[in-house]
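Biologist: Could you put the model up, so that we can go through it together?

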Amino acid sequence: MLEVRGIEAAYGSSQALFGVDLAVDEGQMVALLGRNGMGKTTTIRTLCGLMPARAGSLTFLGEDIGGLPAYRIARRGIGLVPEGRRCFPNLTVRENLLATARGEGWDRAAVARLFPRLEERAEQMARTLSGGEQQMLAIGRALMTNPRLLVLDEATEGLAPVIRHEIWAAIAAVKARGQAILIVDKNLKDLLPLSDTCVILEKGRSVWRGNPDDLAADADLQDRYLGL
Ligand SMILES: Nc1ncnc2c1ncn2[C@@H]1O[C@H](COP(=O)(O)OP(=O)(O)OP(=O)(O)O)[C@@H](O)[C@H]1O
Ligand SMILES: [Mg+2]
């Protein structure tokens, strides 16, 4: 479904990616891992068209998406839950969801079943929501685009344990519907059991790819690349 090959990217003269490879198949969940500053967000920004790839290729559903503007990549079916959530602060919950609505499957009723709290707060401004509620809204907003691939950057960062639990349950439910997912999160205990494949980044390069059981069982690998 998605194939990222050898991508390089830079912020001005400061290169951040030096060769990232990863692939996501239909119905799969791929975890993108690595310590702080290793290039996870930059990889996601590049594949969503939010910054250019200087080298390498990006193929989605058999077509080259490298160089397309972000809105076109979104229309082709990549739905992003960005780091920091980025809900539209001065729109209500309902308006945030309607703003991106497209296609069939995920609609407001389906999002309300996934996150009942959002429905209770439908007329509340997004800026007045708690962090956890904003994350639910960011996920709901991405689902409203009915993406072929859902991308989550820091799915549960900074959230209280009880809210994290709700978010993981929702991600598991979304995955169970066959949704392909690319996800970044530091909470391996919740992330690995749901994932089909892991890709580790180190200083802007993909350095390891494998299955989550092998990573969970390998303390050296975790220590070397994840600082655990
Ligand atoms: N706006 C920016 N301008 C310049 N350099 C940046 C910018 N954003 C990120 N970088 C640099 O690019 C590199 C990769 O950062 P990136 O945000 O992709 O890492 P990350 O793996 O997502 O980290 P984290 O786990 O902290 O979210 C880092 O060296 C970072 O300092
Ligand atoms: Mg990041």
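Modeller: Before we start, contact here means heavy atoms within 4.5 Å. This is a predicted model, in which local features need pLDDT of at least 70 and side-chain atom pairs count only at pLDDT 80 or more, while totals for chains, interfaces and linings use all residues. Residues are numbered from 1 along each chain as its sequence is written, chains are lettered from A and ligands numbered from 1 in the order in which they are written, and side-chain values use heavy atoms, with hydrogens and water left out.

Biologist: Okay, let's start with N96, what is it in contact with?

Modeller: Leaving out its neighbours within four places in sequence, N96 is in contact with C87, F88, L91, A126, L137 and R141. N96 lies in helix α3, where helices (H or I, at least four residues) and strands (E, at least two) are DSSP runs, numbered from the N terminus.

Biologist: Is N96 buried or exposed?

Modeller: N96 counts as buried because its relative accessibility is 0%, the classes being buried under 20% relative accessible area, exposed over 50% and partly exposed in between (1.4 Å probe, protein chains only). The side chain of N96 also reaches the backbone nitrogen of F88, at 2.8 Å. For such polar contacts we take pairs of N or O atoms within 3.5 Å; within protein, one must be able to donate a hydrogen and the other to accept it, and residues adjacent in sequence count only if both atoms are side-chain atoms.

Biologist: Switching to ligand 1, which residues are closest to it?

Modeller: The closest are G37, K40, T41, T42 and E83, out of 13 residues that surround ligand 1, each with a heavy atom within 4 Å of it.

Biologist: And which polar atoms of the protein lie at its oxygens?

Modeller: A polar side-chain atom of E83 lies 2.8 Å from an oxygen atom of ligand 1, an N or O atom in the side chain of K186 is 3.0 Å from an oxygen of the ligand, and from G39 a backbone N or O atom lies 3.0 Å from a ligand oxygen. The protein covers 60% of the 630 Å² of accessible area that ligand 1 has on its own, as computed by the Shrake-Rupley method with a 1.4 Å probe.

Biologist: Which helix gives the most to that shell?

Modeller: That is α1 (residues 40–47), which contributes 3 residues to the shell around ligand 1. Helix α1 is itself mostly covered, since 6 of its 8 residues are buried, namely K40, T42, T43, I44, T46 and L47. Just after α1, G49 takes a positive phi of about 80°.

Biologist: What are the protein donors of the magnesium ion?

Modeller: For the magnesium ion, which is ligand 2, they are T41 (OG1) and E83 (OE), lying 2.0 to 2.6 Å from it. T41 lies in helix α1 and E83 in the loop between β6 (78–81) and α3 (93–99), so the pair ties together parts that are 42 residues apart in sequence. Donors are N, O and S atoms within 2.8 Å of the metal (3.2 Å for Na, K and Ca), and water is not among the atoms, so sites may look incomplete. T41 counts as partly exposed because its relative accessibility is 22%, and E83 is likewise partly exposed, with a relative accessible area of 35%.

Biologist: Where is Q28, and what does it touch?

Modeller: Q28 is in the loop between β2 (14–24) and β3 (29–33), and it is buried because its relative accessible area is 18%. Beyond residues up to four places away in sequence, Q28 touches A23, Q179, A180, I181, D196 and T197, and with T197 the side chains are joined by a polar contact of 3.2 Å.

Biologist: Last one, which helix holds K175, and what does its side chain reach?

Modeller: K175 is in helix α7 (residues 161–176), and its side chain reaches the backbone oxygen of L194 at 2.9 Å. Setting aside neighbours within four places in sequence, K175 is in contact with G27, M29, I181, L194 and D196. The C-alpha atoms of K175 and P161, 14 residues apart along the chain, are separated by 21 Å.
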